[in-house]
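Student: I have a structure open and want a quick walk through it. Can we start with the terms?

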Amino acid sequence: MSLRFDSTRTPDIVVIGAGLIGLAIALELIDRGAQVTVVDRGQSLGGASTAAAGMLAAADPGNPPELQELSRLSAERYPAFLGRLEALSGIAVPFQTNTTVQYLEDGSTVRLAEHSLDPRQLAAALRAAVNATSIRLLEHTQIAAADQNSGGATIRLNGGTAINAQAVVYAAGAWTSEVMAALDNDPISVTPCKGQMLRVRLPFPLDEVHRSERIYICPRTRGPQAGTALIGATVENAGFDMSVHGVDLDALRALAAKLIPELASEAEAPMVESWAGLRPATPDKLPILGACSRPGQFIATGHYRNGILQAPGTALVMADVLEGKAPCIDISALSPLRFACSVTG
Ligand SMILES: Cc1cc2nc3c(=O)[nH]c(=O)nc-3n(C[C@H](O)[C@H](O)[C@H](O)COP(=O)(O)OP(=O)(O)OC[C@H]3O[C@@H](n4cnc5c(N)ncnc54)[C@H](O)[C@@H]3O)c2cc1C
């Protein structure tokens with residue numbers, strides 16, 4: 001499907017979900033001349049996007065091969081993405097680390113040229129950037145219905161307001177299936193994957209991520225969290241439960257201590273805070289990016305453990321798809337049509 005952005009229509013596009021993925025897409029779309037409204041039932045960036053560690057783990061040997069191109073594109077685009085946010089918001093988001101020490105199965109290590117950033121700093125810059133643009137951000141707003149029509153869709157908000165849109169992009173993270181089902185779309189298969197994490201004060205300076213297949217230690221070197229490190233994360237099938245359990249944090253700390261023994265004790269590395277977040281997971285652990293078979297309906301979700309990394313690339317390819325252009329990378333393996341996306345009118 002091809003959209004000709006026409007600024008006389010308000011808005012061209014409604015994005016459902018103001019996480020990093022939805023807002024990155026919105027920014028890319030307005031740069032291409034679209035009018036965009038983003039609707040979130042809660043606060044923007046209150047979901048997985050601020051629960052994440054912030055590793056831009058494009059070189060993680062555990063990544064599926066189908067993710068390589070999107071990850072490479074996103075890692076390459078990151079400096080320009082952060083530059084755009086800074087130009088709009090005046091807020092610079094620094095990389096916290098530039099190297100990851102990856103522990104391999106055979107006990108050896110490799111050093112990977114990878115960055116990490118603080119997702120809370122990213123969220124502050126992104127919110128301010130969005131506010132500096134024409135994007136209409138409706139927070140704490142429930143959608144009551146999405147009625148498809150020949151010109152696109154009419155989104156009806158609780159309270160009665162109706163928004164006519166040429167296209168709707170579903171980007172509600174772990175809640176995307178729920179939203180699509182509630183709006184009478186055939187549900188696609190996105191489930192929450194819970195991750196618990198803790199942040200500890202470091203007993204000595206650390207400026208590299210340490211990561212094995214089971215655990216990572218992600219230090220903060222700049223900003224308000226400097227001198228601390230995140231230890232994460234659990235990978236749990238626990239529905240929408242967000243509770244944090246001491247026993248799980250202890251298990252994470254014990255795994256981290258296998259890489260850096262000084263992290264074993266609360267006395268040497270006291271805990272500063274802990275939390276849980278919900279990753280959007282799909283059955284094949286790959287994102288869902290592209291057009292549904294219902295005209296004017298698009299999906300961008302399922303980024304699972306790599307959504308911070310993959311936001312800039314996702315924004316580019318989704319904007320291309322919405323404009324009816326061939327994306328600069330092959331995203332056929334990520335098509336919504338590989339699952340039960342709507343096939344009826
Ligand atoms: C513990 C943890 C660690 C992680 N670490 C990393 C990492 O180091 N590197 C990395 O790249 N990725 C990491 N991730 C993954 C990354 O956080 C996610 O892939 C990414 O944030 C997903 O972004 P999103 O915008 O799709 O979802 P979210 O950020 O969850 O946003 C979804 C939005 O949709 C809204 N919404 C829900 N229902 C509705 C509705 N009915 N109507 C309107 N809006 C709705 C929500 O309120 C929310 O704001 C981690 C995730 C977790 C949980």
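Tutor: Buried area is the accessible area, with a 1.4 Å probe, that two parts lose on being put together, summed over both. Domain 1 and domain 2 bury about 2,200 Å² between them, 60% of it on carbon and sulfur atoms. This is a predicted model: local features need pLDDT of at least 70, side-chain atom pairs need 80 or more, and totals for chains, interfaces and linings use all residues. Residues count from 1 along each chain as its sequence is written, and side-chain values use heavy atoms, without hydrogens or water.

Student: Where is the chain divided into domains?

Tutor: Domain 1 is 13-94 + 120-190 + 283-338, and domain 2 is 97-115 + 192-281. Those bounds come from an automatic or database domain assignment. The domain centres, taken over C-alpha atoms, are 26 Å apart.

Student: How many residues does the contact take from each domain?

Tutor: Domain 1 gives 26 residues and domain 2 gives 29. Contact means heavy atoms within 4.5 Å.

Student: How many salt bridges across the interface?

Tutor: The rule finds two between domain 1 and domain 2. It asks for a side-chain nitrogen of Lys or Arg within 4 Å of a carboxyl oxygen of Asp or Glu.

Student: New topic. Which residues make the contact between α1 and α2?

Tutor: Helix α1 is residues 20-31 and helix α2 is residues 68-89. From α1 come Leu20, Ala24, Leu27 and Asp31. From α2 come Tyr78, Phe81, Arg84, Leu85 and Leu88.

Definitions and conventions. Axes are lines fitted to C-alpha atoms, for helices over the stretch in contact, and angles run from 0 to 180 degrees between N-to-C directions. Helices (H or I, at least four residues) and strands (E, at least two) are DSSP runs, numbered from the N terminus.
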